[in-house]
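I opened the structure and kept notes as I went. The entries follow the order in which I looked things up.

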Amino acid sequence: PPVAVDVPLDSVAVTGIDSLTLADLDGVILSHSGGIINSGLIEHDKEAITTYLHEHGWWNATVATEIDSSASLSVGTVLSFKVFPGELRKFGRFTAEQTVENGSGISDEPLPDVYGKPFTKDTFEQVIDDIMTYYLKQGYPDTDVRPLMTARKDTVDVLLRDRKSTRLNSS
């Protein structure tokens with residue numbers, strides 16, 4: 001139901017995942033104690049929390065909201081975001097396959113030790129950046145790394161297809 005514009009907001013809460021705090025969502029959501037509450041802010045924050053959760057391994061997470069301004073509350077109007085997380089996705093096997101001018105094979109670059117860790121956007125992007133940096137330092141500045149992901153229940157296997165560029169001579 002629509003919420004009146006400019007209703008004072010006394011408190012914001014997030015429930016459903018013990019490890020998720022309001023501090024984690026600082027800069028993600030717009031609603032805050034002492035602010036206002038309205039439908040636009042609530043919808044923005046609900047979508048922002050859902051995106052945050054998806055990027056942190058909770059691929060099936062959904063978020064519901066509840067506003068409580070009952071007289072029984074000692075804190076006034078409370079906006080609660082209720083998280084239904086689903087299963088946390090984790091990194092599974094991580095392998096790399098190289099394609100070079102004279103063939104292909106399993107890569108010899110160092111692979112990350114992320115097996116069993118939560119599959120997050122930040123970790124995944126850092127792995128790709130680390131591999132690209134490795135190739136750059138080896139003299140292959142234009143190498144292309146393309147991930148292929150396969151989800152299995154609660155794990156995600158990653159195959160990196162690396163196409164090495166021509167090596168630069170270091171003379």
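Entry 1. I noted that the model is a predicted one.

Entry 2. I went back along helix H2 itself, which covers residues 121-137. H2 has 17 residues and spans 24 Å from its first C-alpha to its last, close to the 24 Å expected at 1.5 Å a residue.

Entry 3. Which residues of H2 are buried? I listed Phe124, Val127, Ile128, Ile131 and Tyr135. Looking down the axis of H2, I found these buried residues within an arc of 90 degrees, so they line one face of the helix. The general rule I wrote beside this is that an α-helix has 3.6 residues a turn, so residues three or four places apart point the same way.

Entry 4. I then checked the face of H2 turned away from the buried side, and the exposed residues there are Asp122, Leu136 and Lys137.

Entry 5. Next I looked at the sheet. It is open, has three strands in the order S2-S5-S4, and its pairing is mixed. The edge strands are S2 (11-15) and S4 (62-68), each pairing on one side only. From one strand to the next, the twist averages 20 degrees.

Entry 6. How many bridges join S4 to S5? I recorded seven, and S4 and S5 (residues 78-84) run antiparallel. In this pair, Thr62 stands opposite Phe84 of S5.

Entry 7. Last, I looked up helix H1 (residues 39-55), which lies across S4 and S5. H1 runs at about 145 degrees to S4.

Notes: Residues numbered from 1 in each chain as written. Predicted model: local features only at pLDDT ≥ 70, side-chain atom pairs only at ≥ 80, totals over all residues. Heavy atoms only, no water. Pairing = 2+ DSSP bridges. Helix = DSSP H or I, 4+ residues; strand = E, 2+ residues; numbered from the N terminus. Axes fitted to C-alpha atoms, helices over the stretch in contact; angles between N-to-C directions. Contact = heavy atoms within 4.5 Å. Expected span 1.5 Å × (residues − 1). Buried < 20%, exposed > 50% of the residue type's maximum accessible area, 1.4 Å probe, protein only. Arc of directions from axis to C-beta.
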